[in-house]
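Visitor: I am new to this structure and would like to learn how to read its features one at a time. Could we begin with a charge and a ring, and then go on to strands and aromatic pairs?

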Amino acid sequence: MTEPLPAIPPRRRGGRGAVAARFAAHRGAVAGLLVLAAIVALTLFGPLLHRIDPQYLDYLDRNQGMSWKHPLGTDNLGRDLLAQVLSGGRVSLAVGTSAMLLGLALGTLVGVLAGFVRWLDGPLMRLVDLFLALPLLPLLLVVIMLFRDSLRAAFGPETGIFLLIVFVIGVTSWMQTARIVRGEVLALREQEYVLAARAIGTRPRRIVTRHILPNVLSPIVVSAALGVANAILLESALSFLGLGFPSDFPTWGRLLFDGVNFMSLHPTRVIWPGLAISLTVLSVNYIGDGLRDAMDPRGDLPPIAGGARRNRRGRLGVLLATRRNGRRVLQGKGE
Amino acid sequence: MPDGAAPILEVRDLAAVYRTRDAVVHAVNGVSFTLGRGEVLGLVGESGAGKSAAMLALLGLLPARSASVVGGQVLFDGDDLLRATPERLRRLRGSEFGYVFQDPATSLNPVLSIGHQLAEPLRVHRGLSRRAARAGAAELLALVGIPDPKRRLEQYPHQFSGGQRQRVMIAMALACKPRVLIADEPTTALDVTVQAQILELLRDLRRQLGMAVIWITHDLGVIAGIADRVIVMYAGRIVEQAPVRALFADPRHPYTRALLAALPRPDGPREARLRAIPGQPPRLETLTGDCPFRPRCARAFDRCAGPRPELRPVGPEHRAACHLVPDPAETAHA
C-alpha cells in the first residue's frame, strides 16, 4: 500500500550535451549519420583502396558486369564504375554541401531582413518572386556559357567549373529558404518574449541573433537537408546538359546520365550512381530530422499526444518534396 | 505617500492609436499623471481600457506595424521620452525601467536557458562578461526566492512552474535596479496562492530597492493591498484618480463605484448573481464628445449628453471626471 514512488529520473543537463543526447536517441538520425559517414569515408578513402584510375580506358573490358576485378562493372569505354562512383562522390558531395551552404546563407539573410526590417519586406519578397519566376535552365545555360571560359582561365578548369556550378546552384535555390525564414520571423517577432527582450533593452541585432534565429533553426535545418539533395540533383541535370563538369571529371549525376542510354542493356550503370544519390539524400534528410528534434530543448519531455510536435509528418513531407523537386529538375531537360 | 518631492515620471496628454485595415482605434486619449519616487501607482480598468497600451507607449514598445503614439509628453529626468531617439529609449529600457508582462508562459524564450535570459540585461546594460553576468543571474534568482539557483540557471523555461517563471521575469526586470518598474498584470495568469506570493515578493523588493512601481491590474483587491495611489481608466481616459484609501472609501465616478460594487464580498449579503456592469465598453474607432461611460451609467442625467467632463478636484489629490462632481469653474462663478 505504501509502496515508495518510483524515483524521478534526474533532468538532463541543458546545452550541447543535451542536444547530443537527444540526437543519439533518434534512431533514424543516427542511422542516417552512420550511412552518410560511410559514404563520405568511402569517397575520401575508397580510391586509396580501390586503386584503378577512373579515367583508365580498358577497351578489352568494356560493358562488364560485376566481377572481382571491377566490383561494379565497367562502362562502354571500359572505365571502372566503382572508381568513378567513388571519385564522383567527392565532387557531388562537395557541390551539394557548398551550394546548400551558399543558398542557405542567402535565403536566411534575405528571410530575416524581410521579416524584421519592415521597409525591406516588399522589395525583397518581390525579388524572391522574380527569381522563382525566372526560367531556371535557360538562365543557367546563359550564365554558364558566359562565364565558363573566363573562370576556367582564372582558376583552372576544375576549380573554375566547381565555383561556377556552386555559385549558379546557390544563387538559384535560396528562395524557398527565404520564404520559410521570413514567415517564421514574422510569426516570432510578435511573440511576447521578443517584446520582453525589447523591454529589457536588447539591441535589435541581438534580438535577431539570440531570440529569433535559434527559433528558426529547425526550418533552416530542414531546408539544409533539402538543399543538399536538390543541389546534387541540379548538378546532375546540369551535367546531363553538358553544362556541368566535363565527362572526364565524373560526378554522380554525370555518371547517371552517361548511363541512361545503356539502361536497358546494362542497368547497373544507372543503379549504382542512382543508389549513391538516393542514399546520400535520404541520410541527409534523416539527419536533418533528428537535428530539428534535438535542438528543441523541450525534446526531453514525452511527445504530446495528438502529435503537437512537428516531427512525425516532417520526414515524409521532406521526402515527397525532394522527389517532386528532383522530378521537376529532370523534366526540365526535355524542354 | 511621498509627495512634495519632484515626480520621477510625468505623463502629459499621452495619446496612442492602433491602426487596423479600415479603422483607427483610439486606445489612449489624453492620459496625464505623475509618478512620485518610490510610489506604487495602481492602474485599473477593464480589458481594452488602454492601460497596457499607455504603458507600452511610454517606452516605445508599441508594435511599430500597427500602433503609434499620436501626442503628448513623457518627462523622465527632464527628457521627453516620446521624442527620444530609439537608441536612448533602448538604453533606458531594462536599466531605468523594468517591465513585467502578464503571461510568464510566453514571455520567456523557450529555446534559451533561464541563465542566458537572466544574464541578458546585465550584459546589455552593464557590459558584464559572460561569467560575471552568470554570477549576477544566480544572485537574481536567489533574490526572487528560487532555491538552488546555480542548477536552475542551466534549465529551460519549460522546467519552471508558472509562478517560478513570473519570478524569473521579475528578476529580469529588476536586474539593473531600475528606478521605475511597470508591472503589467503580473499576477493575472497565476492562481491565487501564487498570486499572493508574487505580490508579497514585489512588495518586499520594492522596499529593498526603493523603486517606483506602476501596477496594472483589473483586480481591485490587489490594488487595495499594494498601491499608494490609484488611477481608474475607461475607454482610453482617466476617469478617476485618488489615494488608495480615498478611492475605496469615497469613490466618486459611477464607473469606479460600479467596479467596486462588482467585487464579490465574502462577508456581505449573499446575492444570487454577481453585480456586473451592464453593457459593453464603447468602440474606440470613433470618439464622441460626451462622457464615454454615459450609455452604461446608472446615474446619467441630461447634462451627460453635453461635452465630456474633465477631471475635477474632489479632495486632496482626488479627482474624478464626472458631471456629478461640481465643476470648480462654475462654483467660482456662483
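Guide: Keeping in mind that this is a predicted model, begin with B:R152, whose charged end sits over the ring of B:F160 at 4.1 Å from the ring centre. In chain A, the charged end of A:R189 likewise sits over a ring, that of A:F116, 5.5 Å from its centre.

Visitor: Which way do the residues of β3(B) point?

Guide: In a regular strand, side chains alternate between the two faces of the sheet. Here B:V40, B:G42 and B:V44 point one way from β3(B), while B:L41 and B:L43 point the other way. Because 5 of the 5 residues of this strand, residues 40–44, are buried, β3 of chain B is largely enclosed by the rest of the structure.

Visitor: With which strands does β3(B) pair?

Guide: β3(B) pairs in the parallel sense with β8 of chain B over 5 bridges, where B:V40 has B:V213 as its bridge partner, and also in the parallel sense with β9 of chain B over 4 bridges, where B:L43 is partnered by B:I231.

Visitor: How is an aromatic pair described?

Guide: The distance of the centres and the angle of the planes describe a pair of aromatic rings. The whole structure holds 6 aromatic pairs over all chains. One of them, B:Y234 with B:Y255, is tilted, with 4.5 Å centre to centre and 55° between the planes. Since B:Y234 lies in strand β9 and B:Y255 in helix α10 of chain B, the pair ties together parts 21 residues apart in sequence. The rings of B:Y234 and B:F293 have centres 5.1 Å apart and planes at 85°, so this pair is edge-to-face. B:Y234, B:Y255 and B:F293 form one aromatic cluster.

Notes: Residues numbered from 1 in each chain as written. Chains lettered and ligands numbered in written order. Predicted model: local features only at pLDDT ≥ 70, side-chain atom pairs only at ≥ 80, totals over all residues. Heavy atoms only, no water. Buried < 20%, exposed > 50% of the residue type's maximum accessible area, 1.4 Å probe, protein only. Helix = DSSP H or I, 4+ residues; strand = E, 2+ residues; numbered from the N terminus. Pairing = 2+ DSSP bridges. Phe/Tyr/Trp six-rings, centres within 6.5 Å; stacked < 30°, edge-to-face > 60°. Lys NZ or Arg CZ within 6 Å of the ring centre and 35° of its normal.
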